Amino acid sequence: MFIEDGAHVIGTTYKSRANGSISDMTTFSFHPVKTVTGGEGGAVLTNDETLYKKLLLYRAHGITREEAQMEHEADGAWYYEQVELGYNYRMTDIQAALLISQLDKLPLFKQRRKEIVAKYNEAFDRLPMLFVQREIPESDTTRHLYILRIVPERLTIDRKQFFEALAAENVCCNVHYIPTYYFPYYEKLGYKKGLCPNAEKLYEEMLSLPLYYAMTDADVESVIEAVTKIALYYEKK
């Protein structure tokens, strides 16, 4: 079975097929900063009826009112059974209404995000001290995040200092993400640094630039100017 984490890719297509239609199940996130939002929550998409019925159970404590899924005869119209150990994963009606209105705007959100990414790419491709994320030709990507990597060998500062310099220029960045096994819970389970050297190297070099539908062209240019200014000032000669 192929289960796809599509939390960041709503609006993206691969070989002309929309994410959500490629794997057996695809999960989506509607967190407030995602491309479309319901305030929180998420969804699972599947074309498999058996999986669909299991998902309905798991989202509602494993409870069903369908006679075909019950083991005992119903006492009356009120009767239901818990046939699996599920959870409370139900979305509220208010969240669903907000999400539906957001989905209608997805083409606009997608177009604007792609415009911003194109402007960033054009500007940062000129700077050898920065590494721009590439896309494969098979994918028409709607990015949730714009990840920029520094090239440490070409700079006199590290990622943390670059991050702080951007904050001083009034550019709010973030880092996505910290390796999971850096957290105390997983450390206590015995996971140690050095486990995934490529992921750790990436973590030390990357930061996320602002990317959202409401950004104006002036906002985008302000970010570009700040990144360029810092990269050139701290370029290793």
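**Entry 1: strands β4 and β5**

I looked up F28 and found that its bridge partner in β5 is A43. The model I am reading is a predicted one. I then traced strand β4, residues 25-29, and noted that four bridges join it to β5, the two strands running antiparallel. I recorded the general principle beside this: strands of a sheet pair through backbone hydrogen bonds, either parallel or antiparallel.

Next I asked which strands make up the open sheet with mixed pairing. I found three, in the order β1-β4-β5. The edge strands are β1 (3-5) and β5 (42-45), and each of them pairs on one side only. Direction ignored, neighbouring strands of this sheet are turned by 15 degrees against each other on average.

**Entry 2: another open sheet**

I turned to the open sheet with the order β3-β2-β9, which has three strands and antiparallel pairing. Here β3 (17-18) and β9 (139-140) stand at the edges with a single partner strand each, so one side of each has no neighbour in the sheet. I checked the pairing of β2, residues 13-14, with β3 and found two bridges in the antiparallel sense. The bridge partner of Y14 in β3 is R17.

**Entry 3: salt bridges**

How many salt bridges does the count give? The count comes to twelve, and I examined several of them.

I began with K53 and E49, whose side chains meet in a salt bridge at 3.7 Å, N to O. Both residues lie in helix α1 (residues 49-58), four residues apart, which is about one turn of the helix. K53, at 34% relative accessibility, counts as partly exposed.

I then looked up D140, which forms a salt bridge with K110, the closest N and O atoms being 3.3 Å apart. D140 lies in strand β9 and K110 in helix α3 (residues 106-124), so the pair ties together parts that are 30 residues apart in sequence. D140 counts as partly exposed at 30% relative accessibility. K110 counts as buried, because its relative accessibility of 17% is under the 20% cut-off. I also recorded that K110, K114 and D140 are linked in a network of salt bridges.

My next pair was R112 and D217, joined by a salt bridge with the closest N and O atoms 3.0 Å apart. R112 is in helix α3 and D217 in helix α7 (residues 217-233), so that this pair links distant parts of the chain, 105 residues apart. R112 is buried, with a relative accessible area of 11%, while D217 counts as partly exposed at 44%.

**Entry 4: the whole chain**

Finally, I looked at the protein chain as a whole and noted seven helices and eleven strands. What radius of gyration does the protein chain have? I found 22 Å, whereas a compact globule of 237 residues would have a value near 18 Å. The C-alpha atoms fill a box of roughly 80 × 45 × 35 Å, taken along the principal axes.

Buried residues make up 37% of the 237 residues. Of the contacts with a separation of 6 or more, 58% are between residues 24 or more positions apart. The chain exposes about 15000 Å², and carbon and sulfur atoms supply 54% of that area.

Technical notes:
Residues numbered from 1 in each chain as written. Predicted model: local features only at pLDDT ≥ 70, side-chain atom pairs only at ≥ 80, totals over all residues. Heavy atoms only, no water. Pairing = 2+ DSSP bridges. Salt bridge = Lys/Arg side-chain N within 4 Å of Asp/Glu carboxyl O. Buried < 20%, exposed > 50% of the residue type's maximum accessible area, 1.4 Å probe, protein only. Axes fitted to C-alpha atoms, helices over the stretch in contact; angles between N-to-C directions. Rg over C-alpha atoms; globule rule 2.2 N^0.38 Å. Contact = heavy atoms within 4.5 Å. Areas by Shrake-Rupley, 256 points an atom, 1.4 Å probe, with all protein chains shown as cover.
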